[in-house]
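This briefing covers a helix, a nonpolar core, salt bridges and an aromatic pair. Please read it with the sequence and model open.

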Amino acid sequence: MDEIILEGIKVYAFHGCMKEEAMIGSDYIVNLKVKTDLKIPAKSDQLVDTIDYVDLLEIVNEEMAINSKLLEHVADRIVSRVLRTMKMINNVQVKVSKQNPPINGNISAVSVIRNGSR
């Protein structure tokens, strides 16, 4: 199985259990990996034969724009929507990372990885 990977998608969103997080927002980095068969587009060189990166990016941005308390919930929505709307994709993995989370400690990010398949 072949892969398409979108790395380092930067998003400003409003997720978290604390009221301040929902009001102030935070920086997030999203990585998305999908598995599909790329034999046909590798030969045809036609966008219609493959997964459009723009469509994947749109899904990530739209789902990240919906406020959630948990990163697990956001990641699950992204996985579910990719599988539901893109029939060529067999497996998807998303990593959502909250930059500089408001927790006691010197930590650059906290991340959740969610996988899904048909």
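A residue counts as buried under 20% relative accessible area, as exposed over 50%, and as partly exposed in between. By that rule Arg114, at 36% relative accessibility, is partly exposed. The model is predicted.

**Helix α4**

- Helix α4 runs over residues 71-85 and has 15 residues.
- From first C-alpha to last, α4 reaches 21 Å, close to the 21 Å expected at 1.5 Å a residue.
- The buried residues of α4 are Leu71, Val74, Ala75, Arg77, Ile78, Val79, Arg81, Val82 and Leu83.
- Their cover includes β2 (26-36), α3 (53-64), β3 (91-99) and β4 (109-117).

**Nonpolar core**

- In soluble globular proteins, nonpolar side chains tend to be buried together.
- Here the largest nonpolar core has 27 residues, and Leu32, Leu56, Met64, Ile78 and Val96 have the most contacts inside it.
- At least two residues of this core come from each of β1 (2-13), β2, α3, α4 and β3.
- The element that gives the most to this core is α4, with seven residues.
- Beyond its neighbours within four places in sequence, Leu56 is in contact with Ile4, Leu6, Leu32, Val34, Ile51, Val82, Met86 and Ile89.

**Salt bridges**

- The structure holds seven salt bridges.
- One of them joins Glu21 and Lys98, with the closest N and O atoms 2.4 Å apart.
- Glu21 lies in helix α1 (residues 19-24) and Lys98 in strand β3, so this pair ties together parts that are 77 residues apart in sequence.
- Glu21 is buried because its relative accessible area is 12%, and Lys98 counts as buried at 6%.
- Asp37 and Lys39 meet through their side chains in a salt bridge of 3.4 Å, N to O.
- Asp37 is partly exposed at 34% relative accessible area, whereas Lys39 counts as exposed at 57%.
- A further salt bridge joins the side chains of Asp76 and Arg114 at 2.9 Å, N to O.
- Asp76 belongs to helix α4 and Arg114 to strand β4, so the pair ties together parts that are 38 residues apart in sequence.
- Asp76, at 28% relative accessibility, counts as partly exposed.

**Aromatic pair**

- The count of aromatic pairs comes to one.
- Tyr12 and Phe14 form this pair, which is edge-to-face, with 5.7 Å centre to centre and 85° between the planes.
- Tyr12 is partly exposed, with a relative accessible area of 46%, and Phe14 is partly exposed at 29%.

Notes: Residues numbered from 1 in each chain as written. Predicted model: local features only at pLDDT ≥ 70, side-chain atom pairs only at ≥ 80, totals over all residues. Heavy atoms only, no water. Helix = DSSP H or I, 4+ residues; strand = E, 2+ residues; numbered from the N terminus. Expected span 1.5 Å × (residues − 1). Buried < 20%, exposed > 50% of the residue type's maximum accessible area, 1.4 Å probe, protein only. Contact = heavy atoms within 4.5 Å. Phe/Tyr/Trp six-rings, centres within 6.5 Å; stacked < 30°, edge-to-face > 60°. Core = buried A, V, L, I, M, F, W, Y, C linked by side-chain atoms within 4.5 Å. Salt bridge = Lys/Arg side-chain N within 4 Å of Asp/Glu carboxyl O.
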